[in-house]
Amino acid sequence: MTATVRVTLLLLVTVAAATTLTTTTASSSCSDLLSAKLPWTQVPAAPNAHVPSARFGHSAVWHAASKSVLVYGGILGKLGSTVTSQLLRGTLRAATSDVEWKQLSAAPSPRVDHCAVLGDDGDSMFVFGGRTHAGQFPAQMLRYSIAHDTWSEVDAKAINTELPIGRRCANNWVRTISGDRAIMFGGNNGTMDSGDVWSFEFKTLTWSKMSDFLPDFTTTQGSHSSAVIAEPHADAAHQPKDPDFLLFGDIQRQQVNTGVFLWRSKEINFSPFRDDALSGAPSTRTGLTMVSAAQHNAIYVFGGRDNANGDAAVDKFFQDAYRVDVDTKSIGNSRWHSASYSGETKVLPDARSLHSAVLADETCMLVFGGLTINNDRLDDLWAFDVTYPGVFPAFPDDRHNHDHPDKGHFVGYTILVVVFLIIATAVGVSIRKRRREKYLARKQRVIATSTYRRMDDDEADNQADNDKMLIAGENLTDGLGDRYYDPPPLQNERADDNDVL
């Protein structure tokens, strides 16, 4: 096998391996986590394991390292009103297509309608705000260590000495794509709505206010939802800029009830979605959930209720799902897509509000619990494969978040380049070594031939006789039958690349 063929085969194998790696990384879905075969799959509890109580107003975060969802707080029971401090971990098991629930250490205080995010270390959960069983709205932050199963209070600091007040903030404290901070908008402390925007930095445990209270901005009991989208580049000082994020829910500004607003950090202001950007959008609602797919500047919306009467017995509850592809440069180019099902794929969870939702691996949305019509509370876990064929259209290529490319492709092509460089270096060293060896061999033959010709006649005759004996006995000639064979000049010598490998 020639060197060229071998190098070509090695490169083809490398490309195939890198392509397999990127395809595997990018195509991860609910089927990888749960062997799911439909868009929506109800995930049963593992046999002989803890079964969670029905609840609403709780929080949830996704812990990728353990393939688990952490559920904290909420109001328990089918008809009860007890605010709990209970913390649960639900670990997904692909082999058995179920979830193994386990009760963890309880928090120092019970909370409902609070907000929770995963810390920058990927091993801590931060909890802020909410309401206690006594009706208080604490501003104290809690931190839970996933590795050690312990709780602690966070001594948060403030820039300019100002800290956010306690509030209902369910689904409104969202971690940035870079993971260094979490952004919070608005809420309600039982007596008034808040319209301020805050940023919390994990490393320094510091709050900073991004925007003051907006007097013309109103929400319904803090039951709107938000999700981070674009992550701008760092500025000249290499400090990360504040991201943009989307608000959706029963929100009004200047009495314009579109329900959808885009926060622009550069402008420090909200821009409403109007007619051109609302085509196909869900109806205005409260108590919904939104999760962000950062790779594509897309957000998934599920559930909620219309809150038309403020009474769960007569309000309309939703079980629909949407994806909005956000164009941060031109809001009018943003597009909404309603999930589409057909035939046997139309298996849906109950309509609900005040549930929790997390996005696992950017492809699998996990929905747990919530409140449904007639004040019934739910204890079910559902997995929604947002990449299931035909449910949503393909992502528009021109609206991908190029600041954050697919990590699978990045890793795969990086490996491809590294392996190619290694192969190229090895081939180069091998060629140089072989050429050097052939050059030295030719040089020795030339020296030997020159010495041979300078022998005197007697020595030459003796040598000729000896050569004849050797030729007759061992056939040690160079194959041309001429003892005075003269090799070609060194300067015309060319290495045979086909003999390299």
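This report describes the confidence, strand pairing and selected side-chain contacts of a predicted model.

## Model confidence

The protein chain has a mean pLDDT of 78, with 71% of its residues reaching 70 or more. Residues 18-27 have pLDDT below 50, and this stretch makes 13 contacts in the model beyond near neighbours in sequence. Over residues 233-240 the pLDDT likewise stays under 50. For residues 233-240 the model has eight contacts beyond four places in sequence.

Strand 4 spans residues 68-72 and is mostly covered, five of its five residues being buried. Its side chains are divided between two directions: S68, L70 and Y72 point one way, whereas V69 and V71 point the other way. Residues in both sets are buried.

Strand 4 pairs with strand 3 (residues 59-63) in the antiparallel sense over five bridges. The pairing of strand 4 with strand 6 (residues 87-93) is also antiparallel and also runs over five bridges. In the hairpin of strand 3 and strand 4, four residues lie between the strands, and K67 adopts a positive phi near 55°.

## Salt bridges

The structure holds 11 salt bridges. One of these joins the side chains of D196 and R167, with an N to O distance of 2.8 Å. The pair links distant parts of the chain, 29 residues apart. D196 belongs to strand 15 (residues 193-201), while R167 lies in the loop between strand 12 (157-158) and strand 13 (173-175). D196 and R167 are both buried.

Two further pairs may be set beside this one. D325 and R323 form a salt bridge whose closest N and O atoms are 2.9 Å apart, and both residues are buried. R181 and D180 form another, with 3.3 Å between the closest N and O atoms. Here the two partners fall into separate accessibility classes. R181 counts as buried because its relative accessibility is 7%, under the 20% cut-off.

What relative accessible area does N172 have? The value is 0%, and N172 is therefore buried. The N172 side chain makes a polar contact with the side chain of S226 at 3.4 Å.

Notes. Residues are numbered from 1 along each chain as its sequence is written. This is a predicted model: local features need pLDDT of at least 70, side-chain atom pairs count only at pLDDT 80 or more; totals for chains, interfaces and linings use all residues. Side-chain values use heavy atoms; hydrogens and water are left out. A salt bridge is a side-chain nitrogen of Lys or Arg within 4 Å of a carboxyl oxygen of Asp or Glu. Buried means under 20% relative accessible area, exposed over 50%, partly exposed in between (1.4 Å probe, protein chains only). A polar contact is a pair of N or O atoms within 3.5 Å; within protein, one must be able to donate a hydrogen and the other to accept it, and residues adjacent in sequence count only if both atoms are side-chain atoms. pLDDT is the predictor's confidence in each residue, from 0 to 100. Contact means heavy atoms within 4.5 Å. Two strands pair if DSSP finds at least two bridges between them.
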